[in-house]
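User: I'd like to go through a few charged residues and a helix here. Could you take my questions one by one?

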Amino acid sequence: MDDKGSNRYNLRLSSLSQRDGKKGLKHKGDEELLNILPSYHMYQSTISKNLTPSHEDFRTEPPSYEITPISSVASSETSSVNDYFMDVSLPTSPNNAGEEENEEEDIMSIDNTILSNAHKLKRLTAMNKEISKDLIINIYLTEEIGKIGVAPRIVDPLSLELKQGDYIYGFVTVTNKTKHNVPFDMFPVVFEGALTLGNNNRPIVQPPVNIVRFLTMFDFNASWNDGSLDRLVTDNNNPHIPKNDIDPYDNTQIQLNHKKIFEPNVTYKKFFTFKIPDKLLDSSCEPHGLVKHIQVPPTLGISKNEVINSLRRKWRDNTDDAGISSPRPDDSDIGRNKTQYASLTNDFAFPDTAISYCISARIIGRSAGYRNLLLKNHLPLNPTADEYVVANENYCYLRLVGDADPIFELNRSMMTEEAKLIYSNMVDKIKEYISLAKEMSTLSIEDRTSTSSLHPTSSATELAKMRQSYYSKISPSRPKENVYEVFLLYRKKSIIGTNKIIGLAALSSPKTHYRVPYVPLAKLRKPDTPVPSTKINIPLDLTFIYSEGQNQSPPDFKHISVELIALNIKSKNLPIPVVFHHDMLFQNKSKGSDNFDYITIKLFQKYAVELSKLLKDVKRDSLEIDKGLIRDVKCLANLSSKYDYFKILNPKVSAMDSSEELNLISSIPWESESLIKKSPKDKVEEQVKYTKRFNAVIDISNAALVPSGSKDFCLIPDFQYCFTARLYYLKIKLKCPNGDIMALKVPLILQKERE
């Protein structure tokens, strides 16, 4: 569909035309299943069906007509044409009349469809919970394509971990246990991906603040439509003739009633097939169009709807076994295991935030048709006008963890540089607008500057001087931009409490992306697949130089410790305008706050306050500042963050030219180098630079949650989406003999490797 159609709410009409990333590899579903291109009428009656109830009636037999003589038709031809076009307003210009109006109407119709607003409709089960036992919907997953007369092999949804290109097979059953026909106007079977942003304090009790559906895949064969479609290549149906096929395996009806009713004590069954796309649609990231934001995000957290659906299903199953023949007689316990949610374990999401994937089936109809399902003390939903409501629904939640796109990973460095450039340009533009607004304002610059200016302390000044001396003496040829580096003024502490600076220590590591593979939970791993190694070697340079040319031995650094930090970021309402890079997360400052909150959020809070004050004095139109830029500043200033810390147990070190793993840094000898420099008075000064080059050997599988020490969790791959992100980095700490600690932060990329 074009951009005015399904793409506006991230809809994929069919997934079967997608092909696996591996060339030459064909799935069984590609050979047995058919793709369809829906007609305009089919599209309008399903995907684009308007939220305002229409006057269509499939349940009343159409009137019969007599054949009119030809002469009568000919004699009334002119009047018939006039009558036909009587209520049609024709455009005055055939070329462009009404184009803008039609475009606006088309956009409004897309946003005002039942499918895009299904989660906002009223639920009958909220007024009468017994409806869930009278109108039963069940969703089952199968190992293979569902076929009539073939016994299905049922799969537990929580035993799967899906990725891009995987097929999802199964079927939906609907049983009407009432004594009356239950009407419906729409029965969509959809594979959905949604982000739920809730209330921080009460995420389960309070309704979500924002629900973003970034993926919607509609199955025309499983959903109701007014045509008998071919699903398999072996089918040969007439799309204009309704069918009433019975599956001999379980005596269920394969086709929904063409009158849009569920008959009493009849079970209907519809097979579905979905294929997970390689990426989201480009329209998923509007208006910024960031490539990183259209990658398929992993399952994260537990949504409120998943909790409610689990409780509702448990209540229904415990109070009544549904009283019908189950299509899975030998699998009655599937899906009733102890773990009820698709996230399966602690994945350290925000308590009120979740990314979920599910197959949904809903019975949607006009409220007037469901009065007999409501309790007597309930009034009509809308006594003045008819409206669409959800009679009943069911969801099958799935766990999805996408793998890394090789092309994306190959260009990661380039994309990181692009992200840095976009971010830097945005910051420069904000600074320019602030500077321009100050010039245009009638107030003086002094009145607008903060009174609490920051001045460097003597210790900070001394550190800066020694750092400059360090670069001039030790590494004049090494660009600072190519390494992560942290400095520490080494002090000699005395018993009486005085501290004397005797030298400068530096710890550095090459600026690169350290990578580890994602490891699935043990219950989700294939028996014959080896567990990927999560061990990484991080090259480190430890350098020490005395400040006064002392000839004594350097301090004896012994112990190394490593901490893994998982950072969650979210925006509740506005889409994030940038791709986060690790320079926005840390800067390896020796002192002060060095995290995302201080470096990025507080910076944009400062910009937001300045712009807010200046725009009160200088009109926005005069400043010509873009509305989008103001929204972007507001978004970044109101971001929320969450940090989780993990201690890496048993870190080791090894010499650069050795694979032997050691426990102590002191086991690696110092290397010394004499440095000679002339002073301003032409006096020759000699200093000694001491260096240790070694690898920090760590294994991410040895991570334990701080402070509990628990290892019952799963580290999902890092990702970024328009409203939330997960990033990782490592904090390497060296303990000095005087008790001080040097801490160096390096980025960590955690991705699922493509098989």
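Predicted model: local features only at pLDDT ≥ 70, side-chain atom pairs only at ≥ 80, totals over all residues.

User: Which residue has the nearest side chain of opposite charge to D699?
Analyst: D699 sits in strand β23, residues 684-699. This aspartate is buried but has no salt bridge. A salt bridge needs the nitrogen and the oxygen within 4 Å, and the nearest side chain of opposite charge is 5.4 Å away; that one belongs to K535.

User: So which side chain does the side chain of D699 make a polar contact with?
Analyst: Leaving out residues up to four places away in sequence, D699 touches T534, K535 and I648. The polar contact of its side chain, at 2.4 Å, is with the side chain of T534.

User: How far apart are the end C-alpha atoms of helix α12?
Analyst: Helix α12 covers residues 596-617, which is 22 residues. At 1.5 Å a residue, the helix should span 32 Å. The model agrees with that, since the end C-alpha atoms are apart by 31 Å.

User: Which residue meets E610 in a salt bridge?
Analyst: E610 is among the buried residues of α12, a list that also includes F604, Y607 and L614. Its side chain meets its partner at 3.7 Å, N to O. The pair links distant parts of the chain, 172 residues apart, with the partner in helix α9 (residues 412-440). That partner is K438.

User: Is D541 buried or exposed?
Analyst: D541 forms a salt bridge with R693, the closest N and O atoms being 3.6 Å apart. D541 lies in strand β18 and R693 in strand β23, so the pair ties together parts 152 residues apart in sequence. R693 counts as partly exposed because its relative accessibility is 40%. For D541 the relative accessible area is 18%, and the cut-off is under 20%, so D541 is buried.

User: Which strand holds D247, the partner of K269?
Analyst: The side chains of K269 and D247 meet in a salt bridge at 2.7 Å, N to O. K269 is in strand β12, and the two residues are 22 residues apart; D247 is in strand β9.

User: How many salt bridges does the count come to?
Analyst: Some residues join up: R123, E192, R213, R362 and E393 are linked in a network of salt bridges. The count comes to 28.

Note on methods:
Residues numbered from 1 in each chain as written. Heavy atoms only, no water. Helix = DSSP H or I, 4+ residues; strand = E, 2+ residues; numbered from the N terminus. Buried < 20%, exposed > 50% of the residue type's maximum accessible area, 1.4 Å probe, protein only. Lys, Arg positive; Asp, Glu negative; His and termini not counted. Polar contact = N/O pair within 3.5 Å; in protein donor to acceptor, adjacent residues only side chain to side chain. Contact = heavy atoms within 4.5 Å. Expected span 1.5 Å × (residues − 1).
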